[in-house]
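The structure comes first, followed by the notes.

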Amino acid sequence: MQYGDLKAVLSRELLEKYDRFAVIACLRADNTTRWCPHPGCENVYVGELPDPSNPQVVCTDCGEPFCYNCKDVWHEGKSCMQYMMENSITDKKTKKWMKR
């Protein structure tokens with residue numbers, strides 16, 4: 001089905017929804033796409049890092065930093081692995097047990 005066919009049969013609202021999903025699908029297929037992880041922000045960063053030794057990216061929409069490599073909020077002074085290990089367990093009892 002061609003885009004013109006969709007345009008002929010879909011309402012304006014549905015066509016706009018289709019367009020949004022098509023853009024999102026293209027962005028997800030690009031391995032250089034990063035979505036801002038901050039709540040309420042839907043901004044997208046597309047491209048390689050200017051400096052691969054510094055994975056910090058600042059969102060051009062909300063102004064908050066995030067990590068290009070792990071795609072999460074910026075974790076100053078921690079590697080991605082350290083950050084993920086510290087934040088992957090949210091159960092307080094499990095954390096307490098691990099500290100023993």
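**Core, fold and surface**

Leu-49 touches Asn-54, Pro-55, Val-57, Tyr-68 and Asn-69, leaving aside residues up to four places away in sequence; contact means heavy atoms within 4.5 Å. The model is predicted: local features need pLDDT of at least 70, side-chain atom pairs count only at pLDDT 80 or more, and totals for chains, interfaces and linings use all residues. Residues are numbered from 1 along each chain as its sequence is written, and side-chain values use heavy atoms, with hydrogens and water left out.

Core
- Leu-49 also belongs to the largest nonpolar core, which has seven residues: Cys-36, Cys-41, Leu-49, Val-57, Cys-59, Phe-66 and Tyr-68.
- Such a core is a set of buried Ala, Val, Leu, Ile, Met, Phe, Trp, Tyr and Cys residues joined through side-chain atoms within 4.5 Å.
- Of the 100 residues in the protein chain, 21% are buried (buried is under 20% relative accessible area, exposed over 50%, partly exposed in between; 1.4 Å probe, protein chains only).

Fold
- The protein chain has four helices and four strands, in the sequence order α-α-β-β-β-β-α-α.
- Helices (H or I, at least four residues) and strands (E, at least two) are DSSP runs, numbered from the N terminus.
- Among contacts between residues at least 6 apart in sequence, 18% join residues at least 24 apart.

Surface
- Met-85 lies in helix α3, residues 80-88, and is exposed, with a relative accessible area of 54%.
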